[in-house]
Amino acid sequence: MSNPEITVIVPAYNVAGLVLPCLASIMAQSFGAWQAIVVDDGSTDATAAEVRTLDDPRISLVQQSNAGVSAARNHGLALARGRFVMFLDGDDVLNPTAFARLAASLDARDSAVAAFGTFLKILPGGAPYPDQKPLAQHRYPDGDVLEPMLRGNFLANGGHVLIRTDVARKLGGFDTRLRLSEDWEFWCRLAAEGEFAFIGTEPEIFSLRVRPGSSSGGLSVDWANHQPCLDTIGNNAAIRARFSAPAWHKLERTMRASQMWECGRVNFTMRRFTQARRLMLGALWLDPQPKRVAMVVAAAVQRRTNHAIVSRLRFRDQDVDADRTL
């Protein structure tokens, strides 16, 4: 297609067996004016070979030496022809109406630089993730979302976000120097440029495949890996200029607490209890929140009973076992 409205960029690294369902969900979209660019980031498995089996001129494959997800996304962004762009991971799956609903929202709202919806989680094999909160109970900000985004990344990844391509290019895409939370840093810069349009809770935009062995999960357990992103956001003059000095000081404390909490949560799901307790209590000290107090209590109960009360605290080995039995 010579003039697609939407470009979906699919960074792919060793997702053989998963990339075809991802691309099938793009091909099944009710909105047909799209192109898909699969950026194979130096895969050592059959990812590229599987993509080549598809006979759809709207799907193209480009390959690069392994350089990381940010470089792969930026490579695709440079090639994008659509007015709008989405960054969909190569193991995730779109709802058939995703493009149509997101594009309609952006077309109806000139002030918005991005539109987004909700998501569901699935196990590696594709079964629904256990004990998820119903979509109707999810709450997201709308409009000027910079402060909520700084307080904590409320997006799963790029798979439920449609962005104006010219704005993404203006920002220079993703920061390739960051190994962790590079998406959060990009969302913060994007939110400083304009509004985000939340399109509603149901149906979901995409399904996020939760893979226990993901590289981001491995990086998340080490608190030192979170600091570069915090520093990058903290040194962004355009973002800081939106707030008074006292307000920014409070926000920096909140941001640090948010990342510390997430690091502790991931450690807990991997049964690294000493590190988890230190980080989660550190986050509570920086930014006390009733929800976090409740999560700490839930974590203590779960550790004793080996039964998850809260979905986000599920042990990763239990996810593996659940996937094997479904």
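**Cysteines and packing**

Author: A search of the whole structure finds zero disulfides, a disulfide being a pair of cysteine sulfur atoms within 2.5 Å. This is a predicted model, in which local features need pLDDT of at least 70 and side-chain atom pairs count only at pLDDT 80 or more, while totals for chains, interfaces and linings use all residues. Residues are numbered from 1 along each chain as its sequence is written, and side-chain values use heavy atoms, with hydrogens and water left out.

Reader: Which cysteine sulfur is nearest to that of Cys188, and how far away is it?

Author: Cys188 is buried, with a relative accessible area of 0%; buried means under 20% relative accessible area, exposed over 50% and partly exposed in between (1.4 Å probe, protein chains only). Cys229 also counts as buried, at 1% relative accessibility. The separation is too far for a bond. The nearest cysteine sulfur to Cys188 is that of Cys229, at 7.1 Å.

Reader: Within what arc do the buried residues of α1 fall?

Author: The buried residues of helix α1 (residues 19-27) are Val19, Cys22, Leu23, Ser25 and Ile26. They line one face of the helix, because their arc, taken from the directions from the helix axis to the C-beta atoms, is limited. Elements that cover them include β1 (6-12), β2 (34-41) and α4 (98-107), where contact means heavy atoms within 4.5 Å. Seen down the axis of α1, the arc is 150 degrees.

Reader: How far apart in space are Leu251 and Arg151?

Author: Leu251 is in helix α11 and counts as buried at 3% relative accessibility. Not counting residues up to four places away in sequence, Leu251 touches Glu147, Leu150, Arg151 and Phe243. Leu251 and Arg151 are 100 residues apart in sequence, and their C-alpha to C-alpha distance is 6.8 Å.

Technical notes:
Helix = DSSP H or I, 4+ residues; strand = E, 2+ residues; numbered from the N terminus.
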